Amino acid sequence: MYFPSWLSQLYRGLSRPIRRTTQPIWGSLYRSLLQSSQRRIPEFSSFVVRTNTCGELRSSHLGQEVTLCGWIQYRRQNTFLVLRDFDGLVQVIIPQDESAASVKKILCEAPVESVVQVSGTVISRPAGQENPKMPTGEIEIKVKTAELLNACKKLPFEIKNFVKKTEALRLQYRYLDLRSFQMQYNLRLRSQMVMKMREYLCNLHGFVDIETPTLFKRTPGGAKEFLVPSREPGKFYSLPQSPQQFKQLLMVGGLDRYFQVARCYRDEGSRPDRQPEFTQIDIEMSFVDQTGIQSLIEGLLQYSWPNDKDPVVVPFPTMTFAEVLATYGTDKPDTRFGMKIIDISDVFRNTEIGFLQDALSKPHGTVKAICIPEGACSLLGKLRLECADLLETRGVVLRDPTLFSFLWVVDFPLFLPKEENPRELESAHHPFTAPHPSDIHLLYTEPKKARSQHYDLVLNGNEIGGGSIRIHNAELQRYILATLLKEDVKMLSHLLQALDYGAPPHGGIALGLDRLICLVTGSPSIRDVIAFPKSFRGHDLMSNTPDSVPPEELKPYHIRVSKPTDSKAERAH
Ligand code: ASP
């Protein structure tokens, strides 16, 4: 009796509707973003010295006394300036009369991008001087007082021209880059989508948001992990590549429905769609099958999708791994356009091809082909994308930029040949993935042929999520790790033990949040949707990280650095 009432009370409390506030005016993209996704209007000027934001003022504010804080975007002929905050731009008239000489001095002398506070009256612009391109274009501010809150030195680049600057410069001055409209939009849209995801998972479907450790131990297989030295000689932590083991252990612990906006770490080179540290929407459920996870994710994306984009249509189509490889030459096909790979082997086998004969009958005519042993589909897949790029540079629109084409890819093989030694096996997803129920017998005869219960979610040719139904039987897990993958099971003894103590059947998925937001915002790189990303080479160019550490600080960790140049020098002696 005690448990259900405690639980329902908790949830009633958590899902109590938040007080509605009213704010009659909308203008900037951010406002419409908030309006569309939250259907509640937040109070932007509570607790602070301003009365309004720059971007919110309209004719309905005429005559109001306002206090605004913002950055000087530009100034024209010492007569007016444009003030900017996160919400938009507003025109401020610099007073010219003698009595306001000190206000004029502040506003005329403060360099562009200085931050100022102004108070004054909202007035209408003189007839004919309205600016229909500006949401605040019907009004301007007649300033009475002004204060320079902080002056700005000469900038390394103009904020509005930030995209034209090199990415290295943008990353070096990231705090300035963040002032740009595009970065503001991307980060705010990301925040809104995550908020909606939390709402959907916790309030609508009873998930529990649980943090898991980021100091952990090495996991066999999978991506390279970052190591963190400990004070015990020769012992290291690892930064987890995902909370995979913890989320499974939470299921053993009866938490039943877990989710986390989880920071993950992989020590792999950066690519346009990868970062050494990145964020996943990490999910795990007990007593679920593949279709349950798929429906949950379809609902999650539909619920959190920004309303200014075309709505997400569910259910998403599904193709098997074998089908996508044969049709698109890749396991993450861009299904926004056709140009599928067609198997014409039968045509060659059964008919005489006229154009081949024609070609051959011409003087010096030959027909040549390249045979790619055991290849042909993934290369064709690349060729398909190259052709699409080429056609698009010539003006053929193949991939509608407003279209979001989702696809589930299922029935992956459980194992793939190891890249460095094709005679050994590695997990196609990770070693905790359950085999396909109809292929379990193959594990003991032809493991290479066994399919798995692994599913990937693909959006416009990008893998944005992946997961699986897990092995919850300790014996099967031990067999796969030790016998098939030749891993050291001692490293996973905690997990194997847990599976032996009544682990429920469970499964889950992780969505790559950075990649997803990158696609939703149409950004060229995931770095454009992360506030402080690492450079292509994994460096933080703003703070110069990673950085060296003096030898005495390394002593407690029993570590000595031998730089490549030192060992060269040693060899030379
Ligand atoms: N942990 C997996 C990954 O990061 C996702 C999952 O299987 O849930 O890819």
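A nonpolar core is a set of buried Ala, Val, Leu, Ile, Met, Phe, Trp, Tyr and Cys residues joined through side-chain atoms within 4.5 Å. Buried means under 20% relative accessible area, exposed means over 50%, and partly exposed lies in between (1.4 Å probe, protein chains only).

This is a predicted model: local features need pLDDT of at least 70, side-chain atom pairs count only at pLDDT 80 or more, and totals for chains, interfaces and linings use all residues. Residues are numbered from 1 along each chain as its sequence is written, and side-chain values use heavy atoms, with hydrogens and water left out.

## The cores

In soluble globular proteins, nonpolar side chains tend to be buried together. The largest nonpolar core here has 54 residues. Within this core, I283, I297, F406 and I480 touch the most other members. Helix α6 (residues 181-204) gives the largest share, eight residues. Helices (H or I, at least four residues) and strands (E, at least two) are DSSP runs, numbered from the N terminus. A second, separate core has 22 residues, including L81, V92, I94 and A110.

What does I480 contact, leaving aside its neighbours within four places in sequence? Its partners are L414, F415, P431, L443, I471 and L485. Contact means heavy atoms within 4.5 Å.

## Helix α7

Helix α7 covers residues 244-252. Seven of its nine residues are buried. They are Q244, Q245, F246, K247, Q248, L250 and M251. These buried residues pack against β9 (257-265), β10 (277-286), α14 (493-500) and β17 (506-512). Just after α7, G254 takes a positive phi of about 80°.

## Salt bridges

Side chains of opposite charge can pair when their charged atoms come close. A salt bridge is a side-chain nitrogen of Lys or Arg within 4 Å of a carboxyl oxygen of Asp or Glu. The whole structure has 26 salt bridges. The table lists some of them.

| Pair | N to O distance |
|---|---|
| K144 and E65 | 2.9 Å |
| E109 and K105 | 3.2 Å |
| E268 and R274 | 3.4 Å |

The K144 and E65 pair links distant parts of the chain. K144 is in strand β5 (residues 139-150), E65 is in strand β1 (residues 65-76), and they are 79 residues apart. E65 is partly exposed, at 49% relative accessibility.

E109 and K105 both belong to helix α3 (residues 101-109). They are four residues apart, so about one helical turn separates them. E109 counts as exposed because its relative accessibility is 54%.

Elsewhere, salt bridges that share partners join R170, R174, D177 and D528 into one network.

## Cysteines

A disulfide is a covalent bond between the sulfur atoms of two cysteines. Here the cut-off is a pair of cysteine sulfur atoms within 2.5 Å. How many disulfides does the structure hold? The count is zero. C69 is buried, at 16% relative accessibility. C518 is also buried, at 9%.

## A nonpolar surface patch

Y175, F532 and M542 form a nonpolar patch on the surface. Together they have about 300 Å² of accessible area. M542 is in the loop between α15 (513-521) and α16 (551-554). At 31% relative accessibility, M542 counts as partly exposed. Patches are made of residues with over 30% relative accessible area and no salt bridge: like charges are joined within 9 Å, nonpolar side chains (Val, Leu, Ile, Met, Phe, Trp, Tyr) within 5 Å. Accessible areas come from the Shrake-Rupley method with a 1.4 Å probe; for residues, only the protein chains shown count as cover.
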